[in-house]
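Good morning, colleagues. Please look at the sequence and the structure on the screen, and I shall take you through two parts of the fold.

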Amino acid sequence: MNLQVLMFYQDDPKKCTAAKMVKFGIAKSIKKIGNKGLVLDPFSEKTLLPKDKYLINSIVGIDCSWTLAAQAFSKKFSGITRKLPPLLAGNPVNYTKLNKLTTAEALAASLFILGFKDDALAILDKFKWGHTFYDLNQNLLNEYSKLESEDQIDIILKEYGLSE
């Protein structure tokens, strides 16, 4: 699966996971998103499901600051937009906050859900805290990788005590 990042350069470059992924050749920095690109958008109406892998040829992470996310995602991106199902952040900045993931965490989670578990774990291995993200979410990721419909997400969240 092709991994791409659209960089907004709003965060500390030393902590930018997208920049590190580009540096290591894991993801490619892009300026334009193709029609078959899956855009990870936390404000999307639809949630990523395993069957989405048949619609796409790449996964695009939008790298921006969480404090400016609403502004960044107000832009209309081409491609297929999906949000991730609820996950806990493993990174030191937003540790255990629901859905406050780094670009690396988001890309790894999407790979896992789409059935590319080894590729997801390879990304997480590049970060000191990567195993923490996996440890926090391993059961959820396994459940999400079996989803057939968005309706099942609420059932999973209730099982894990993460629903309202």
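This is a predicted model: local features need pLDDT of at least 70, side-chain atom pairs count only at pLDDT 80 or more; totals for chains, interfaces and linings use all residues.

Which residues of helix 6 are buried? Within this helix, which spans residues 151-159, they are Ile153, Ile156 and Leu157. Viewed down the helix axis, the buried residues of helix 6 fall within an arc of 100°, so they line one face of the helix. After helix 6 comes Gly161, with a positive phi near 70°.

What is the order of its strands? The sheet is open, with five strands in the order 2-1-4-3-5 and parallel pairing. Strand 2, residues 28-30, and strand 5, residues 80-82, are the edge strands, each pairing on one side only. On average, and ignoring direction, neighbouring strands of this sheet are turned by 35° against each other.

Strand 1, residues 2-7, runs parallel to strand 2 and is joined to it by three bridges. Here Leu6 stands opposite Ile30 of strand 2. Packed on the sheet is helix 3, residues 103-113, which touches strand 1, strand 3 (37-40) and strand 4 (58-63). The direction of helix 3 makes about 155° with that of strand 4.

Conventions:
Residues are numbered from 1 along each chain as its sequence is written. Side-chain values use heavy atoms; hydrogens and water are left out. Buried means under 20% relative accessible area, exposed over 50%, partly exposed in between (1.4 Å probe, protein chains only). Helices (H or I, at least four residues) and strands (E, at least two) are DSSP runs, numbered from the N terminus. The arc is that of the directions from the helix axis to the C-beta atoms. Two strands pair if DSSP finds at least two bridges between them. Axes are lines fitted to C-alpha atoms, for helices over the stretch in contact, and angles run from 0 to 180 degrees between N-to-C directions. Contact means heavy atoms within 4.5 Å.
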